[in-house]
Amino acid sequence: MALQLMKLLISASTTTDVVPTDTRFFHVTTGETAAGSTLTIDAADFFADDGSAVTELPELVANNSYFNVNVNGVLQMEGLSTYTAGATGIGSLAIAVPAGGEPILAGSPVVLEVLNYATDSSTTVTT
């Protein structure tokens with residue numbers, strides 16, 4: 001009998017599910033925020049999609065999340081905002097208004113959108 005290369009016959013398939021959780025928070029400014037200053041909004045100053053009071057801003061899942069900030073319906077540049085997760089007194093959104101720019105006027109709507117992604121993978125190996 002001639003020599004033969006012997007090898008295992010194995011196949012594998014992986015299924016990955018990605019489930020986004022999109023949470024939006026709303027705030028209407030009560031005063032003007034001048035250029036060169038920072039508007040800081042506490043977690044308790046936001047209200048949720050259903051109009052209920054917010055008591056905590058969610059954690060951002062490491063490497064699987066992001067947040068967007070809109071002021072007057074306009075998406076803002078990432079470097080202007082600082083997001084801090086947590087309950088009232090800890091959780092907040094800070095928006096730096098660039099010096100030399102326009103102020104954020106009283107009555108301006110601010111929308112904070114937090115997206116977290118949960119992933120789940122399973123692999124089936126057959127021989």
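Reader: Which 3 strands form an open sheet, and in what order?

Author: Strands here are DSSP runs marked E, at least two residues long and numbered from the N terminus (helices, H or I, need at least four). Two strands pair if DSSP finds at least two bridges between them. In this structure, the order of the 3-stranded open sheet is E2-E9-E7, with antiparallel pairing. This is a predicted model: local features need pLDDT of at least 70 and side-chain atom pairs count only at pLDDT 80 or more, while totals for chains, interfaces and linings use all residues. Residues are numbered from 1 along each chain as its sequence is written, and side-chain values use heavy atoms, with hydrogens and water left out.

Reader: Which strands stand at the edges of that sheet?

Author: Strand E2 (38-42) and strand E7 (81-84) do; each has a single partner strand, so one side of each is left without a neighbour in the sheet. From one strand to the next, the twist averages 10°, taken between lines fitted to C-alpha atoms, with angles from 0 to 180 degrees between N-to-C directions.

Reader: How many bridges join E7 to E9?

Author: There are 4 bridges between E7 and strand E9 (residues 92-96), and the two run antiparallel. For serine 81, the bridge partner in E9 is isoleucine 95.

Reader: What is the strand order in the open sheet of 5 strands?

Author: The order is E3-E1-E10-E5-E6, and here too the pairing is antiparallel. E3 and E6 are the edge strands, each pairing on one side only. Between E5 and E10 there are 7 bridges in the antiparallel sense.

Reader: Where is valine 69 found, and is this residue buried or exposed?

Author: Valine 69 belongs to strand E5 (residues 65-71). Buried means under 20% relative accessible area and exposed over 50%, with partly exposed in between (1.4 Å probe, protein chains only). Valine 69 has a relative accessibility of 3% and so counts as buried. Across the strand pair, valine 69 stands opposite leucine 112 in E10. The C-alpha atoms of valine 69 and glutamate 113 are 6.5 Å apart, although 44 residues separate them along the chain.

Reader: How many aromatic pairs does the structure hold?

Author: A pair of aromatic rings is described by the distance of the centres and the angle of the planes. Rings of Phe, Tyr and Trp (its six-membered ring) pair if their centres lie within 6.5 Å; planes under 30 degrees apart count as stacked, over 60 as edge-to-face and the rest as tilted. The structure holds 4 such pairs. One of them joins phenylalanine 26 and phenylalanine 47: the ring centres are 5.8 Å apart and the planes stand at 25°, so this pair is stacked. Phenylalanine 26 lies in strand E1 (residues 11-28) and phenylalanine 47 in strand E3 (residues 47-48), so the pair ties together parts 21 residues apart in sequence. Phenylalanine 26 is partly exposed at 21% relative accessibility, and phenylalanine 47 is partly exposed at 34%.

Reader: Which residues are linked in a network of salt bridges?

Author: A salt bridge is a side-chain nitrogen of Lys or Arg within 4 Å of a carboxyl oxygen of Asp or Glu. The count is 2, and the network links Asp22, Arg24 and Asp49. Arginine 24 meets aspartate 22 at 2.8 Å, N to O. Arginine 24 also bridges to aspartate 49, with the closest N and O atoms 2.9 Å apart. Arginine 24 lies in strand E1 and aspartate 49 in the loop between E3 and E4, so this pair ties together parts that are 25 residues apart in sequence. Arginine 24 is partly exposed at 30%, as are aspartate 22 at 34% and aspartate 49 at 46%.

Reader: Which residues make the nonpolar surface patch?

Author: Patches are made of residues with over 30% relative accessible area and no salt bridge, like charges being joined within 9 Å and nonpolar side chains (Val, Leu, Ile, Met, Phe, Trp, Tyr) within 5 Å. Areas come from the Shrake-Rupley method with a 1.4 Å probe, and for residues only the protein chains shown count as cover. Leu8, Ile10 and Val125 make a nonpolar patch of about 340 Å². Valine 125 is part of strand E10 (residues 109-126) and is exposed, with 54% relative accessible area.
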